[in-house]
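Dear colleague,

Please find the structure below, passed on to you for your records. A short account of the findings follows it.

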Amino acid sequence: MKKRLEKFELRPSLLVLFVYIMLLFSRFLVGGLEAGTSQYLAAVILQLLTFLIPAVLFYRLRTTGRFPLEPQKRIRYIKRLRMTPPSARHALIIAAAVLALIAGCLLFSISFDGGSSFEGNFTLYDTFAAKKDGTALGALGLVLAYAVLPAVCEELVFRGIICAEYEGRGVIFSFTMSTFFFALLHFNPEKLLSHVFAGLVLAALLYATRSVFSCMIAHFLYNIFGIFGQQYITEFYITSGSLGVFIFIMITVLILAAAVFCGQAARLYRRYSVKDAPSDYREPHTRAELSAAFAEVIKTPSVIACVALYVVFVIINLII
């Protein structure tokens with residue numbers, strides 16, 4: 001037994017697999033809750049058990065527990081988590097990221113669902129529907145359970161731990177893996193491209209600001225828009241009376257947001273260059289090296305299990 005533990009490798013994909021299993025389990029669990037049960041409380045407990053507690057446990061095992069990194073690697077790993085607060089100079093790039101998320105995700109949703117994209121409430125993991133009751137306490141519950149916790153928990157796992165784990169193989173690799181796992185997280189093939197796009201924007205924001213908290217803020221503001229702002233977008237769409245006009249406006253917003261984002265990112269990187277701030281990651285020098293890294297990770301049992309879980313769930317949903 002001891003030899004097996006010594007051979008066992010603590011992989012980030014195991015953390016992701018646990019998250020997937022918990023989210024799928026929650027769909028059956030929530031379906032069995034009584035009508036009077038607080039959805040806010042259920043959503044909070046689910047996210048703590050699914051994301052936050054496992055992430056903290058993973059971090060402890062990686063740094064001081066049974067599967068620690070070598071001392072030098074452990075120091076780099078902790079730095080790569082980028083648990084530093086953003087500064088005022090990051091405000092504009094965060095705002096641009098939020099606008100890009102809103103416009104881009106709306107465009108991808110429209111491409112699949114058309115006008116039906118504007119119907120329905122904001123839903124968390126296709127399990128908890130955000131229903132506003134018009135009270136201050138209800139609004140506070142929505143903000144905590146549907147905006148704050150998802151932003152903190154998801155970013156801690158997918159832009160924090162996942163990027164820190166895979167970054168040693170290069171930024172392209174960590175970008176791809178964090179976006180890949182984040183896209184599959186929601187188990188919704190119709191919104192897969194929206195989640196891929198969101199994952200790429202948030203990963204880019206992480207590396208531009210070098211702060212996972214910037215991603216949390218952007219993710220939080222996007223969730224706030226989904227909960228409280230979606231109705232105004234719907235009203236605007238109805239008022240314009242034309243899907244083509246609406247799409248044109250969203251494309252314009254996306255292009256402008258992307259331009260501001262790229263400009264601010266370039267400004268931040270020039271600042272890092274002047275300060276000679278270390279990147280603390282290694283970029284593969286050849287395509288062969290990058291391909292070998294992908295091949296090595298993709299064939300691991302936990303990654304295969306993550307993909308298989310997604311595919312099986314989608315097939316079952318189609319059959320049902």
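Which residues are exposed on the other side of helix 12? They are P301, L318 and I319, where exposed means over 50% relative accessible area, buried under 20% and partly exposed in between, with a 1.4 Å probe and protein chains only.

The model is predicted, so local features need pLDDT of at least 70 and side-chain atom pairs count only at pLDDT 80 or more, while totals for chains, interfaces and linings use all residues. Residues are numbered from 1 along each chain as its sequence is written, and side-chain values use heavy atoms, leaving out hydrogens and water.

Helix 12 covers residues 301–319; helices are DSSP runs (H or I, at least four residues) numbered from the N terminus. Its buried residues are S302, V303, C306, Y310, F313 and V314. They lie on the same side of helix 12, because they cover an arc of only 125 degrees around the axis, taken from the directions from the helix axis to the C-beta atoms.

Two of these residues, Y310 and F313, also belong to a cluster that ring pairs form with Y20 and F187. Rings of Phe, Tyr and Trp (its six-membered ring) pair if their centres lie within 6.5 Å; planes under 30 degrees apart count as stacked, over 60 as edge-to-face and the rest as tilted. The whole structure holds 12 aromatic pairs.

Charges also meet rings: the charged end of R159 sits over F182, 4.3 Å from the ring centre, and that of R210 over Y272, at 4.1 Å. This requires NZ of Lys or CZ of Arg within 6 Å of the ring centre and within 35 degrees of the ring normal.

Yours sincerely

Methods: Helices (H or I, at least four residues) and strands (E, at least two) are DSSP runs, numbered from the N terminus. The expected span of a helix is 1.5 Å times one less than its number of residues.
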